[in-house]
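Please examine the structure displayed here, and then follow the explanation below through its sheets, helices and domains.

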Amino acid sequence: MRLIAAMSGGVDSAVAAARAVESGHEVVGVHLALSSNPQKYRSGARGCCTIEDSHDARRAADVIGIPFYTWDMAEEFHAGVVENFISEYAIGRTPNPCLRCNGKIKFAAVLDRARAMGFDGVVTGHYATTQEGSMGKTLHRAVDASKDQSYVLSVLSVEQIAGAIFPLGDTEKVDIRKEAAARGLAVAQKPDSHDICFVPSGDNAGWLRDRLGSEVGPILDQDGNKLGEHKGAYTYTIGQRKGLGITVPTSDGSPRFVLKIEPVTNTVVVGAHEDLAVSTMYGEKPIWCGPLLDATARRGFVQVRAHGQPLPCEYFFDGSLLVARLDEPIFGLATGQAMAIYDDDRVVGSATICETAQ
Amino acid sequence: MAIYLDHAATTPMVEACTQAVIRQLKVLGNPSSLHTFGRAARKELERAREIIARHVDCHPSEIIFTGSGTEADNTALKGLFWRGKAHGRNVVVISAIEHHAILDPAQWLTDHEGAEVILLDVDSNGLINLNQVRELLSHRADEIAVISVMSANNETGVIQPISEIVEIASDYGVAVHSDAVQSFGKVPLSFSKLGLTAMTLSGHKIGGPLGIGILVLRKGFDIPALLHGGGQERDIRSGTFNAPSIVGFATAVEEIFLDFVSHSLKVASLRVALESGIAAKMPDAYINGLSADRLPGIVNATFPGTESDTLLLLLDAEGVACSTGSACSAGVQRPSHVLLAMGHTDVSARSSLRFSIGPSNTAEDIAQTLKLLPAVLTRARAANLR
């Protein structure tokens, strides 16, 4: 096959590209430039990370021996990922931009462009596997459970999965680093990235404050009593305990947690731990990674965080919302996160959590 | 078969130059040393300077060797600005289509030295407006430290009316610099006839070595240095002489002027073939700067509905090397400031490619490129998501 290898400049995507070449594919390396920082005369100036990452990706492509180009996806990334990130926080949700990037950029804008240019698919360094079976090509968990990234890929449609190649899913991360070193790739020991790539400081709240302002609002208990003030409801996450800035203690000294974020009134509601319990979750805008679901309740697992546990549940699709009823309640579930449904290790699909119930 | 159509980026070193560089690399002696070895090296270097001066039509002492065209541009712009500033002149006038080696130092002078930079507009053919120059000088001549306008543009090949600019400026005694990196060796150029204060040249654009540039600076126009040290080159550019590259540069100059007319004619005929082929096979494509005087070897074409980085990738895969203008340090393609200044939109500027032809190209290269282009364009249009 003719493949585009999306090369971030990290170790995983470099080894993925090398493995794709070794499997006999014709591979072209592409680094995606996702942030723009226009200046008056030279509008190409970018954050230092991008320049260094783009350099690392280029050197990896040199070592592997494949052509290398940089694609400017800054506009698409801003419109599809960054703006969504801001607007989701503005309505009191906690989005996951990595899922959004996979669904809207890497396996949408890049894959579409690659296909139109005569390529068959996109190779990435994600830890996930695919299988060909009676349901066609399906998405599954990686062998290395601690690195499994099937959750952030659960937004891929059948059509997108068809064009996705994940060469690393069968290997443990430590072995990928060893393999990178053996292949002479300079990024073998490059640290993993953790922060959100467009918030290089890692200070999410500060970054959001610059864009959403810092309007003071009340922190209330569930009876509506004012306990304190905050500077922007969006800086809180459901289930958050630390840094609430409440001076009024509870009568029994028990801690308080963020229960609700109400953006319209700019209010944060706090309460006891047991009030965080969630037994049922509802997700909107579902995406199916295989056959469509119906209203028949099935047994499986739901995962609600990138490296969260698979939670045993019963799930079904009621025609508009994806519903998961947990066997055991969990505590503190933010809307805006994705709920990914698994049938054993196969990703069934996902939806954006819009409502939860005790 | 690989087809190289990016000669404006860099062009093959001519064989005689390679030999001259190798020969000089083996010669021991710092040209600044006073002993026999030093004098021998210096002799070759000065001979090279005289050869180049003859073809540039300047005095040998007006040639200052630098490490690149960019360094020569920086030295000229900053140096002439500082020279002017000492006499109360604070304005730098440049065209909107200058190379970044002029644009960026101009910006730097604004940010760090309090300079006022005035950009000269260009029309849809990429030509500056002499009336704007006249107007500007009639009002603000005594504020202007330097005017810098490139001799021919690196992206479109459009040739600017340098002698007219100098004529206007000389009435007011304003210094004029011209970046002639692209035009030297391609079209006739005489430093003394143009009457310029300063001019920039580069070795590797004419078949000479990389890493050698020239600032031609009129006698008596001494400017502050960027590099201080041993006092070489009129104390304007210190640093041990790069004798092998200087000798190589001179050899390339000799070679190019040996065959100047036939090379130019050949390159120009290939350009005409490429342009008429594009017009015939791709009717919605257009050539930028079509009605202006242009260098013989540069074709800048806009292919509506495509993105140039897609075109470049697809052509590269077919063995054709061309260019999309300048990329940023992360390698991202930006819409060309040159095309934007000519009235392009972001979208149409991003749909443009530069093919630059050199003496080593053949009619078959052009025919093969024209054969590949329609299918590449179809693919690129399909891949254009914007």
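In chain B, three strands form an open sheet in the order β9-β10-β12, with antiparallel pairing. Strands and helices are here DSSP runs numbered from the N terminus, a helix being H or I over at least four residues and a strand being E over at least two; two strands pair if DSSP finds at least two bridges between them. The edge strands of this sheet are β9 (286-287) and β12 (352-356) of chain B, each of which pairs on one side only. Strand β10 (residues 298-302) of chain B is joined to β12(B) in the antiparallel sense by 5 bridges, and Ile298(B) has Ser356(B) in β12(B) as its bridge partner. Helix α9 (residues 260-281) of chain B packs on the sheet and touches β9, β10 and β12 of chain B. The direction of α9 makes about 10° with that of β10(B), where axes are lines fitted to C-alpha atoms, for helices over the stretch in contact, and angles run from 0 to 180 degrees between N-to-C directions.

The model is a predicted one, in which local features need pLDDT of at least 70 and side-chain atom pairs count only at pLDDT 80 or more, while totals for chains, interfaces and linings use all residues; side-chain values use heavy atoms, leaving out hydrogens and water. Residues are numbered from 1 along each chain as its sequence is written, and chains are lettered from A and ligands numbered from 1 in the order in which they are written.

Chain B also holds an open sheet of 7 strands with mixed pairing, in the order β2-β8-β7-β6-β5-β3-β4. Its edge strands are β2 (63-66) and β4 (116-120) of chain B. On average, and with direction ignored, neighbouring strands of this sheet are turned by 20° against each other. Within the sheet, strand β5 (residues 144-148) of chain B and strand β6 (residues 175-179) of chain B pair in the parallel sense over 3 bridges, and Ser148(B) stands opposite His177(B) in β6(B). Helix α5 (residues 130-140) of chain B packs on the sheet and touches β3, β4 and β5 of chain B; the direction of α5 makes about 150° with that of β4(B). Helix α4 (residues 100-113) of chain B lies across β3 (91-95), β4, β5 and β6 of chain B, running at about 155° to β3(B).

With which helix does α4(B) come within 9 Å, axis to axis? The partner is helix α3 (residues 69-85) of chain B, and the two axes cross at roughly 35°. The crossing of α3(B) past α4(B) is right-handed, a term used if the near helix is turned clockwise from the far one by less than a right angle. The contact, meaning heavy atoms within 4.5 Å, includes Leu77(B), Phe81(B) and Trp82(B) of α3(B) as well as Ile102(B), Trp108(B) and Leu109(B) of α4(B).

Chain B as a whole is divided into domain 1 (3-11 + 260-382) and domain 2 (15-257), with bounds that come from an automatic or database domain assignment. The centres of these two domains of chain B, taken over C-alpha atoms, are 27 Å apart. Their contact takes 26 residues from domain 1 of chain B and 32 residues from domain 2 of chain B.

Chain A is divided into domain 1 (2-189), domain 2 (214-271) and domain 3 (276-357). The C-alpha centres of domain 1 and domain 2 of chain A lie 38 Å apart, and the contact takes 5 residues from domain 1 of chain A and 4 residues from domain 2 of chain A.

Helix α3 (residues 74-90) of chain A and helix α4 (residues 97-116) of chain A have axes that come within 9 Å and cross at roughly 165°. These two helices, α3(A) and α4(A), are therefore roughly antiparallel to each other, a description applied to angles over 145 degrees. Among the residues that meet are Phe77(A), Val81(A) and Phe85(A) in α3(A) and Cys101(A), Ile105(A) and Ala109(A) in α4(A).

Strands β8 (residues 216-220) and β9 (residues 226-231) of chain A run antiparallel and are joined by 5 bridges. Val216(A) has Lys231(A) in β9(A) as its bridge partner. The hairpin of β8(A) and β9(A) has 5 residues between the strands, and in this hairpin Gly224(A) takes a positive phi near 90°.

Technical notes: Parallel < 35°, antiparallel > 145°, perpendicular 65-115°, else oblique.
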